[in-house]
Amino acid sequence: MASGLADEIDVLVKARRSLAGDYVPSDGEEYMNAEQQDYFRRLLQQWKKLILSAAADTLSQLQEGPLREPDLNDRASSETDWGIELRTRDRQRKLISKIDSALRRIEEGEYGYCEVTGEPIGLGRLIARPIATMTVEAQEAHERRERVSRDD
């Protein structure tokens, strides 16, 4: 699980670096102004593009043929590596739907606002997690409710 999150963060960092210009949203400007919305739209689109590119690379490697490692230990190691790679791609497939949802919220003017309280999510949280749909407080309350219902 930690590896999947690390991969997700790496791809997001690459997406941030690839954005042209020096603009980064700041608290000193109007919240979710056109420039901020454009920044997050481009960031989300780039993030999605990088994920799809990595998935295409994995697919092409899989299509090259089955593993033919002569040593059983090497084969087992390779199969384990492929299992991890495929789980990562599945996690990223789910992430793409969240990215698409965030892009849709930008177009509808709802991006950056908590789906529970309607309050601004905050630029720091959105920069760290552009697909966030709740404020930190609402997310924590949601996770507490999940934990309680899971314990029942």
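This is a predicted model: local features need pLDDT of at least 70, side-chain atom pairs count only at pLDDT 80 or more; totals for chains, interfaces and linings use all residues.
Two residues are in contact when heavy atoms of each lie within 4.5 Å. Ile-127 sits in helix H4, which covers residues 123-128. Once neighbours within four places in sequence are set aside, Ile-127 is in contact with Leu-12, Arg-16, Val-24, Pro-25 and Phe-40. Leu-43 is another residue to look at here: its C-alpha atom is 9.4 Å from that of Ile-127, while 84 residues separate the two along the chain.

## The overall picture

Stepping back, the protein has 5 helices and 0 strands, giving the pattern α-α-α-α-α along the sequence. Of the contacts with a separation of 6 or more, 61% are between residues 24 or more positions apart.

The protein has 152 residues, and 29% of them are buried. Its accessible surface comes to about 9,900 Å², with 50% of that belonging to carbon and sulfur atoms.

## Salt bridges between and within helices

Side chains of opposite charge can pair when their charged atoms come close. Across the whole structure, a search finds 4 salt bridges. Asp-38 forms a salt bridge with Arg-41, and their closest N and O atoms are 3.6 Å apart. Because Asp-38 and Arg-41 are 3 residues apart in helix H2 (residues 34-63), about one helical turn separates them. Asp-38 counts as partly exposed because its relative accessibility is 34%, and Arg-41 is also partly exposed, with a relative accessible area of 21%.

Arg-41 has a salt bridge with Glu-107 too, where the closest N and O atoms are 2.9 Å apart. This pair links distant parts of the chain, since Glu-107 belongs to helix H3 and Arg-41 to helix H2, 66 residues apart. Glu-107 is exposed, as its relative accessible area is 57%. Asp-100 and Lys-48 also meet through their side chains in a salt bridge, at 2.7 Å from N to O. Here again distant parts of the chain are linked: Asp-100 is in helix H3 and Lys-48 in helix H2, 52 residues apart. Asp-100 is partly exposed at 25% relative accessibility, and Lys-48 is partly exposed with a relative accessible area of 23%. As for shared partners, salt bridges join Asp-38, Arg-41, Arg-42 and Glu-107 into one network.

## A buried arginine with no salt bridge

Now for Arg-105, which lies in helix H3 (residues 72-108). Which side chain of opposite charge is nearest to Arg-105? That side chain is Glu-115, 5.8 Å away. A salt bridge needs a side-chain nitrogen of Lys or Arg within 4 Å of a carboxyl oxygen of Asp or Glu. Arg-105 is buried yet has no salt bridge. Leaving out residues up to four places away in sequence, Arg-105 touches Glu-110, Tyr-111, Ile-131, Ala-132 and Thr-133.

## Charged patches on the surface

One of its members, Glu-140, is found in helix H5, which runs over residues 136-151. Glu-140 counts as partly exposed because its relative accessibility is 40%.

A surface patch of positive charge gathers Arg-144, Arg-145, Arg-147 and Arg-150. Arg-150 is found in helix H5. Is Arg-150 buried or exposed? With a relative accessible area of 60%, Arg-150 is exposed.

Definitions and conventions: Residues are numbered from 1 along each chain as its sequence is written. Side-chain values use heavy atoms; hydrogens and water are left out. Helices (H or I, at least four residues) and strands (E, at least two) are DSSP runs, numbered from the N terminus. Buried means under 20% relative accessible area, exposed over 50%, partly exposed in between (1.4 Å probe, protein chains only). Patches are made of residues with over 30% relative accessible area and no salt bridge: like charges are joined within 9 Å, nonpolar side chains (Val, Leu, Ile, Met, Phe, Trp, Tyr) within 5 Å. Accessible areas come from the Shrake-Rupley method with a 1.4 Å probe; for residues, only the protein chains shown count as cover. Lys and Arg count as positive and Asp and Glu as negative; His and the chain ends are not counted. The place of a charge is taken as NZ of Lys, CZ of Arg, CG of Asp or CD of Glu.
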